[in-house]
Structures are given as C-alpha cells and as structure tokens.
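Subject: Structure handed over, with notes on what was found

Dear colleague,

Please find below the structure that I said I would pass on to you.

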Amino acid sequence: MSDDFILDTDDLERRMQGAMASLRTEFASLRTGRASASMLEPVMVDAYGSPTPINQVGTVNVPEPRMVTINVWDKGLVGKVEKAIRESGLGINPQLNGTIIMLPIPELNEERRRDLTKVAGQYAEHARVSVRNIRRDGMEQIKKAKADGLGEDDQKFWEAAVQELTDTYVKKVDEALETKQAEIMQV
C-alpha cells in the first residue's frame, strides 16, 4: 500500500491558484484613483443574518469617474451597507440620499497611496498564509502516508515537491504585490 502513495499535487496547485485568484480580486478592489464597481467586491454586508456582497443587496453604478452609487433595494439595509463601506478600509466616506448611497472618490494623496500599499501588503500576506496552509495540508498527507509505511526517500521526494510548489506561489504573490504597489504609487 505504501509504495502506491501518490500525492495529489494537482489538487494542491489548484487550491494555490484559487488563493492567487482571490488575491487578484482583492487587488482589483483597491482603487488607483478612478472609480470602479469592482472596488466594492470584497465588502460584505451583514444582510439577513449572513455576509452578503454589496452587488446582491443593491445596484452598483459608476455615473462619473469620481463617483460610485449604490441603489439599495431594501431600505432596512441602507445603514448596514453604509457601515460595511465605512469599516472596509477603502477610505471612502459614504453619503446617504434615501436608498441611494453615493461614494465620492477623493483624489489620492501621497499619504492615502501609502495606506493603500499597506492594505495591498495585508491582502498579499493573507494570500501567503493561504498558500502555506495548503502546504501544511500536503505535508500532513505525507506524514499520514509515512505512518502507513511510506519510505523515507519517497517522503523526502513528496515534501520537496510540495515545498517547490509553495515557493512558486509565494513568489507569484510577491510579484503581484510589487506590481500593485507600483500601480498605486504611480501619480
């Protein structure tokens, strides 16, 4: 049985790609000076007892380059949507107009650009942690196989494969972060 052990590295890689896709989505939400509906994607509203994306509680529009509007369908959720945006760390001050929430996008100053690079760094760190957790899962599978009689050479081989995959994805996260930080700091 132990000689038949094959680690599903494709599954590990697929999960690491998911962590990268999640990072790209979070990076898309960071504004670089222009309004976009995607900047609100990571913001979750506590609606009806569960976290819900903003685009599922209202219509998100970009009527002009420095303004995003959200037409909330349920009047009872307007306050919760406003609170979620304030607490999201986007640095946007929502303005209420009935069921419509207006988000004027201020010009980015140097201090705000630095803050956004820090937020990008936090997103990247979350992605690195996700990749490392996937690595840990792979290593635990190898340990279980070793307990079932996997040879030491095979164990080292699979551990090296998992570590190589992890290093590749951590490097991709770092490269994506560098690119995003350069984009944010560009005036």
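Helix 1 and helix 3 are roughly antiparallel to each other, a label that applies because angles over 145 degrees count as roughly antiparallel, while those under 35 count as roughly parallel, 65 to 115 as roughly perpendicular and the rest as oblique. Their axes come within 10 Å and cross at roughly 170°, where axes are lines fitted to C-alpha atoms, for helices over the stretch in contact, and angles run from 0 to 180 degrees between N-to-C directions. Helices (H or I, at least four residues) and strands (E, at least two) are DSSP runs, numbered from the N terminus.

Before going further, please note that this is a predicted model, in which local features need pLDDT of at least 70 and side-chain atom pairs count only at pLDDT 80 or more, whereas totals for chains, interfaces and linings use all residues. Residues are numbered from 1 along each chain as its sequence is written, and side-chain values use heavy atoms, with hydrogens and water left out.

To return to the helices, the residues of helix 1 that meet helix 3 include Leu12, Met16, Leu23 and Phe27, and those on the side of helix 3 include Ala120, Ala124, Ile134 and Gly138; contact here means heavy atoms within 4.5 Å. By class, the contact of helix 1 with helix 3 has eleven nonpolar, three polar and four charged residues, with Ala, Val, Leu, Ile, Met, Phe, Trp, Tyr, Cys and Pro counted as nonpolar, Asp, Glu, Lys and Arg as charged, and the others, Gly among them, as polar.

Helix 3 (residues 110-147) also packs against helix 4 (residues 152-185), with axes that come within 9 Å and cross at roughly 170°. That makes helix 3 roughly antiparallel to helix 4, and their contact has 15 nonpolar, six polar and nine charged residues.

A nonpolar core is a set of buried Ala, Val, Leu, Ile, Met, Phe, Trp, Tyr and Cys residues joined through side-chain atoms within 4.5 Å, and buried means under 20% relative accessible area, with exposed over 50% and partly exposed in between (1.4 Å probe, protein chains only). Leaving aside neighbours within four places in sequence, leucine 7 is in contact with Leu12, Gly138, Gln141, Ile142, Trp158 and Val162.

Two further residues in the helices may be worth a look. Methionine 20, in helix 1, counts as buried at 5% relative accessibility, and, leaving aside its neighbours within four places in sequence, methionine 20 is in contact with Tyr169, Lys172, Val173 and Ala176.

As for the strands, four of them form an open sheet in the order 3-4-6-5, with antiparallel pairing; two strands pair if DSSP finds at least two bridges between them. Strand 3 (58-64) and strand 5 (95-97) stand at the edges with a single partner strand each, so one side of each is left without a neighbour in the sheet. Neighbouring strands of this sheet are turned by 25° against each other on average, direction ignored. Strand 5 pairs with strand 6 (residues 100-104) over three bridges, and glutamine 95 has methionine 102 as its bridge partner in strand 6. Helix 2 (residues 78-86) lies across strand 4 (67-72), strand 5 and strand 6, running at about 20° to strand 6.

Lastly, strand 1 (residues 44-47) and strand 2 pair in the antiparallel sense over four bridges, with alanine 47 opposite serine 50 in strand 2. Their hairpin has two residues between the strands, and tyrosine 48 takes a positive phi near 55° there. Proline 53, in strand 2 (residues 50-53), counts as partly exposed at 22% relative accessibility.
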